[in-house]
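Thanks for coming. I will take you through one structure today, going from single residues to strands and cores. Please have a look at it first.

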Amino acid sequence: MKEPRYLVDHAYMADPSAHVFNDKIYIYPSHDVESGIPENDNGDHFDMRDYHVFSMDSIDGEVTDHGEVLHVKDIPWAGRQLWDCDIACKDGKYYLYFPLKDQTDIFRIGVAIGDKPEGPFKPLEAPMKGSFSIDPCLFMDDDNTHYMYFGGLWGGQLQRYRDGKAIECGAEPEDQEPALPPRIAKLSDNMLEFAEVSKPIMILDDDGKPLTAGDHDRRFFEASWMHKFNNTYYFSYSTGNTHKLCYATGDNPYGPFTYRGVILTPVVGWTTHHSIIEFKNKWYIFYHDSVPSGGKTWLRSMKVIEFSYNSDGSITTLQGTK
């Protein structure tokens, strides 16, 4: 698959989190809708209200829509905006992790539990203690330990926190200061809470110095993803306002990670959001753009393309637009 493939045309779906369960690919996207809310930097126009699950037996095969598996009205603590979700499996149970603004308009991360990868999922009564911001990514290491990566700037509210604690007047650091890092936390055995206080994920340049807040071409903005290749940990993310997907590598799940380059150049639409999986000995990146909606950045369509590694472990850069 050297050319990207759009996966569905009957609905707008974004932020595809892809996983392999039972030798099938399952995809957990955000469900974009036309809400009529004007665009702003807080992302109010991304007014998603439910989740669907999709599956495919082969990368070029039919895509099945399993329908709505969780709706904001079913979540006891809900305010608004169900953004990018992710999933993990343990002991035959499936745990869907989702960001959602509570009734005070603060993003928290919730958990919903299902018996099958295609859902449905039943949410817990309250969000995870110590959770904040957006874009949870779940990663299971070789020892079966599960970790969550999370965080997002601007509308994702990460700038409202320092060292995991809320501050009075949240803003990004000055340009010459270290960029705000995403967060990581190991999950508890029951998969419902953090087993530790979340920690910062440092992304360094070639000199071992943290990327600065003014380095918008490389600094973290949102959309964490973690995968492992040849015993190296690949932390990938979006730069947000410069519209790139970048990656950094390290030797353990917590980092630090050294910046390596760009996976995907800007797409049509404000930015993109991705996941990376290995399936039948090939590697794929799932992402989205706004071409089918005519460039409406709040109406996005998910797609997939194969990618490759170079001999030094670097990833060959893909072009977001032709």
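Predicted model: local features only at pLDDT ≥ 70, side-chain atom pairs only at ≥ 80, totals over all residues.

Tyr254 has a relative accessibility of 23%, so Tyr254 counts as partly exposed. A ring pair is described by the distance between the centres and the angle between the planes. For Tyr147 and Tyr254, the centres are 5.5 Å apart and the planes stand at 85°, so this is an edge-to-face pair. Where do the two residues sit? Tyr147 is in strand E12, residues 146–150, while Tyr254 is in the loop between strands E20 and E21, so the pair ties together parts that are 107 residues apart in sequence.

That is one of 26 aromatic pairs in the model. There is also an aromatic cluster made up of Phe229, Tyr234, Tyr247, Trp283, Phe307 and Tyr309. Another ring, that of Tyr259, has the charged end of Arg218 sitting over it, 5.3 Å from the ring centre.

In soluble globular proteins, nonpolar side chains tend to be buried together. Here the largest nonpolar core has 55 residues, and those with the most contacts inside it are Tyr97, Met148, Tyr149, Phe235 and Ile285. Strand E21 gives the most to this core, five residues. Apart from it there is another core, of 20 residues, including Ile75, Cys85, Phe98 and Ala112.

Setting aside neighbours within four places in sequence, the contacts of Phe235 include Tyr149, Pro182, Trp225, Cys246 and Phe257.

Now strand E19, residues 232–238. Why is E19 described as largely enclosed by the rest of the structure? Because six of its seven residues are buried. E19 pairs with strand E18, residues 222–229, in the antiparallel sense over six bridges, and Glu222 stands opposite Ser238 in E19. These two strands form a hairpin with two residues between them, and Asn230 in the turn has a positive phi of about 50°. E19 also pairs with E20, again antiparallel and over six bridges. Here the bridge partner of Tyr237 is Cys246 in E20. The hairpin of E19 and E20 has six residues between the strands, with Gly240 in the turn at a positive phi of about 70°.

Over to an open sheet of four strands, in the order E1-E24-E23-E22, with antiparallel pairing. Strands E1 and E22 are at the edges with a single partner strand each, so one side of each has no neighbour in the sheet. E1 and E24 are joined by two bridges, and Arg5 stands opposite Val304 in E24. Further along E24 is Glu306, which counts as buried at 13% relative accessibility. Its contacts beyond four places in sequence are Met1, Lys2, Lys282, Trp283, Tyr284 and Leu318.

Last, the loop between E23 and E24, where Thr297 lies. Is Thr297 buried or exposed? At 7% relative accessibility, Thr297 is buried. Its C-alpha atom is 4.5 Å from that of Gly269, 28 residues away along the chain. A polar atom of the Thr297 side chain lies 2.7 Å from the backbone nitrogen of Trp270.

That is the tour.

Conventions. Residues numbered from 1 in each chain as written. Heavy atoms only, no water. Buried < 20%, exposed > 50% of the residue type's maximum accessible area, 1.4 Å probe, protein only. Contact = heavy atoms within 4.5 Å. Phe/Tyr/Trp six-rings, centres within 6.5 Å; stacked < 30°, edge-to-face > 60°. Lys NZ or Arg CZ within 6 Å of the ring centre and 35° of its normal. Core = buried A, V, L, I, M, F, W, Y, C linked by side-chain atoms within 4.5 Å. Pairing = 2+ DSSP bridges. Polar contact = N/O pair within 3.5 Å; in protein donor to acceptor, adjacent residues only side chain to side chain.
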